[in-house]
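Reader: I would like to learn how to read nonpolar cores and aromatic pairs. Please take me through them one at a time.

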Amino acid sequence: MNASVTCCLHHFLCALGFAGKGYCDSFTANLAAIVDRPRAPGGGAVQIEVTY
């Protein structure tokens, strides 16, 4: 597992409240895989880089 995630500011803010509702199945699966990394046990070690 990579110890970093890079995303734009818009996606970072959306990820904070992401609950997996209101999106197509493929988008939900992709964003859930990204969002779950820092939320998982040991996820505090994941570095998040936010770009503009």
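Author: Some notes on the model come before the features. This is a predicted model, where local features need pLDDT of at least 70, side-chain atom pairs count only at pLDDT 80 or more, and totals for chains, interfaces and linings use all residues. Residues are numbered from 1 along each chain as its sequence is written, and side-chain values use heavy atoms, with hydrogens and water left out.

Reader: Which residues make up the largest nonpolar core?

Author: A nonpolar core is a set of buried Ala, Val, Leu, Ile, Met, Phe, Trp, Tyr and Cys residues joined through side-chain atoms within 4.5 Å. Buried means under 20% relative accessible area, exposed over 50%, and partly exposed in between (1.4 Å probe, protein chains only). Here the largest core has five residues: Ala-15, Phe-18, Leu-31, Ala-32 and Val-35.

Reader: How is a pair of aromatic rings described?

Author: By the distance of the centres and the angle of the planes. Rings of Phe, Tyr and Trp (its six-membered ring) pair if their centres lie within 6.5 Å; planes under 30 degrees apart count as stacked, over 60 as edge-to-face and the rest as tilted. The whole structure holds two such pairs. Phe-18 and Tyr-23 have ring centres 6.0 Å apart and planes at 40°, so this pair is tilted. Tyr-23 also pairs with Phe-27, again tilted, at 4.9 Å and 35°.

Reader: Is Phe-18 buried or exposed?

Author: Phe-18 is buried, at 10% relative accessible area. Tyr-23 is partly exposed at 40%, and Phe-27 is partly exposed at 34%.
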